[in-house]
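This report looks at ring contacts first, then at a hairpin. The model comes next.

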Amino acid sequence: MSETALHLVIANKNYSSWSARPWLLLTELGIPFEEIQIKFNTTEWEIELPALSPTRRVPVLWEGAPKNGVVTYDSLAIVERIHELFPEKNVLPKDPLARARARSLMAAFHSGFQDFREAMPMNIRASYKGFGHTEQCLKEIDELSKLLVEAKQTYGSHGPFIFGEYSAADAFFTPVNSRFKTYGYVSEYSDIQELQDTLLTTESMKLWVKGALDEQDFVAEDEPYTVKQESDSSK
């Protein structure tokens with residue numbers, strides 16, 4: 001593939017955790033791509049996104065020219081497509097059992113943990129220590145943490161990442177750990193604390209965070225606690 005063969009359509013880096021996942025993966029593994037950013041609640045979103053995304057959601061991966069090439073949408077499908085296109089990059093763990101577990105972890109988060117995702121939406125610019133710590137949210141975090149710890153201890157003891165070496169699973173759970181930082185959640189599991197330090201200091205995440213901090217956009221539906229604070233202070 002040529003160096004500009006891949007185009008990844010994403011939304012706001014501050015808010016879009018699903019956009020982050022394939023972006024982090026491609027960047028960390030050194031796979032060249034061109035970024036197409038269309039921000040939430042803009043005219044561009046309304047006019048251009050329908051032609052770039054069959055589902056009108058992000059992220060979207062185009063092979064070849066956007067709108068005319070081969071399109072893959074949904075984060076899980078994009079991960080699998082990258083795995084097929086670049087088998088030498090070890091997008092998924094080499095070991096078949098570890099690979100199956102990585103897929104299970106990603107799919108489980110993709111289809112579940114809704115209370116956690118709603119109570120602690122990704123917001124890199126913000127610091128809301130103690131916010132979102134609802135009973136159900138904390139229960140889901142504990143469930144997720146146990147899954148990650150078990151995977152790490154079973155398949156990843158030989159390296160700092162979930163399955164030892166960096167893989168799609170790490171790209172998938174980096175935004176989760178970013179949320180822990182935003183909302184001041186400190187895990188009781190030492191493996192999770194160590195994993196958070198590892199994932200949030202990858203070169204790909206440093207670049208993503210820089211992009212998020214450079215953004216000035218404010219999307220109210222992704223800022224429930226800012227809106228709440230403003231409402232409380234006006235009373």
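## A buried ring pair

This is a predicted model. F116 is buried, at 1% relative accessible area. F180 is buried too, with a value of 4%. Both fall under the 20% cut-off for a buried residue.

How many aromatic pairs does a search of the whole structure find? The count is 18. Among them is the pair of F116 and F180: the ring centres lie 6.0 Å apart and the planes meet at 55 degrees, so the pair is tilted. An edge-to-face label would need an angle over 60 degrees. F116 belongs to helix α5 (residues 114-119), while F180 belongs to helix α7 (residues 168-182). The contact therefore ties together parts that are 64 residues apart in sequence.

Over the face of W18, R21 is 4.2 Å from the ring centre. Over the face of F172, the distance from R21 to the ring centre is 4.9 Å.

Strand β3 covers residues 60-63 and strand β4 covers residues 70-73. The two pair in the antiparallel sense, over four bridges. E63 stands opposite V70 of β4.

Six residues lie between the strands of this hairpin. Where does the hairpin take a positive phi? At G64, with a value near 90 degrees.

Methods: Residues numbered from 1 in each chain as written. Predicted model: local features only at pLDDT ≥ 70, side-chain atom pairs only at ≥ 80, totals over all residues. Heavy atoms only, no water. Pairing = 2+ DSSP bridges. Phe/Tyr/Trp six-rings, centres within 6.5 Å; stacked < 30°, edge-to-face > 60°. Buried < 20%, exposed > 50% of the residue type's maximum accessible area, 1.4 Å probe, protein only. Lys NZ or Arg CZ within 6 Å of the ring centre and 35° of its normal.
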